[in-house]
Amino acid sequence: VRAGDWVSLQPLDTEGSQAVLSDNGQWFVPKGAGGGYNRLQIGLPLSLGLVTHLNKNLSAGLEFGIHFTFTDYLDDVSGQYVDLSAFEDPVARLFSDRAVEPMAVVRGEERFPQSVGAIEGPNGETYFVNSDVGSGVTGSIRGNPEVNDHYFVTQIRVIYSLGFRK
């Protein structure tokens, strides 16, 4: 994976929902196991809007809405963290906890964790975890599985009618 590449998270099972117990008592997520949720989901929209006619052919509208979903994985986050050593796939391990990245992905602002600890991965790699939010610590909260995801939409529109037949 190169910087700037888009990565589909569901097939990586970054939450470890497909983790299995090995013969030696260690948990692991088989490479290519796939996430424990479906990427196709149903949403229930609820909107409120206003339309005004400006003249015979021109209208303008404003609409606000909330879309309720029946999944908690719209953002690929729910439940708890699993130990980083559970991931056989290094890309899944990398994306399972992005809290310690130095830049916030959406805002582009620097992150300043209060305290950072280091843990060693299965192949001797060192992973840094932000201990203020419990990131990367097995069993710590990754999301809230009790509340499904939802999102808001806003729409501004201008409508021009070409004419009507009588």
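Is Glu-63 buried, partly exposed or exposed? Glu-63 is partly exposed, at a relative accessible area of 21%. Bear in mind that we're looking at a predicted model here.

**The overall picture**

The protein has 7 strands and 1 helix. Reading from the N terminus, the elements go β-β-β-β-α-β-β-β. Of its 166 residues, 27% count as buried. The accessible surface comes to about 11900 Å², and carbon and sulfur atoms account for 57% of that. As for contacts, take the ones between residues at least 6 apart in sequence: 60% of these join residues at least 24 apart.

The antiparallel pairing of E4 with E7 runs over 11 bridges. Among the residues involved, Gly-61 has Arg-157 in E7 as its bridge partner.

**The salt bridge**

Arg-157 turns up again through its side chain, which meets that of Glu-63 in a salt bridge (3.5 Å, N to O). Glu-63 sits in strand E4 (residues 58–69) and Arg-157 in strand E7 (residues 150–160), so this pair ties together parts that lie 94 residues apart in sequence. The count for the protein is 1 salt bridge.

| Residue | Relative accessible area | Class |
|---|---|---|
| Glu-63 | 21% | partly exposed |
| Arg-157 | 29% | partly exposed |
| Ile-42 | 62% | exposed |

Glu-63, at 21%, is partly exposed because buried means under 20% relative accessible area.

**A nonpolar patch**

Which residues make the nonpolar patch of about 550 Å²? The patch is built from Ile-42, Leu-44, Leu-46, Phe-68 and Phe-70. Where does Ile-42 lie? You'll find Ile-42 in the loop between strand E2 (27–28) and E3. With a relative accessible area of 62%, Ile-42 is exposed.

Terms used:
Residues numbered from 1 in each chain as written. Predicted model: local features only at pLDDT ≥ 70, side-chain atom pairs only at ≥ 80, totals over all residues. Heavy atoms only, no water. Salt bridge = Lys/Arg side-chain N within 4 Å of Asp/Glu carboxyl O. Helix = DSSP H or I, 4+ residues; strand = E, 2+ residues; numbered from the N terminus. Buried < 20%, exposed > 50% of the residue type's maximum accessible area, 1.4 Å probe, protein only. Contact = heavy atoms within 4.5 Å. Areas by Shrake-Rupley, 256 points an atom, 1.4 Å probe, with all protein chains shown as cover. Pairing = 2+ DSSP bridges. Patch = residues over 30% accessible without salt bridge, like charges linked within 9 Å, V, L, I, M, F, W, Y side chains within 5 Å.
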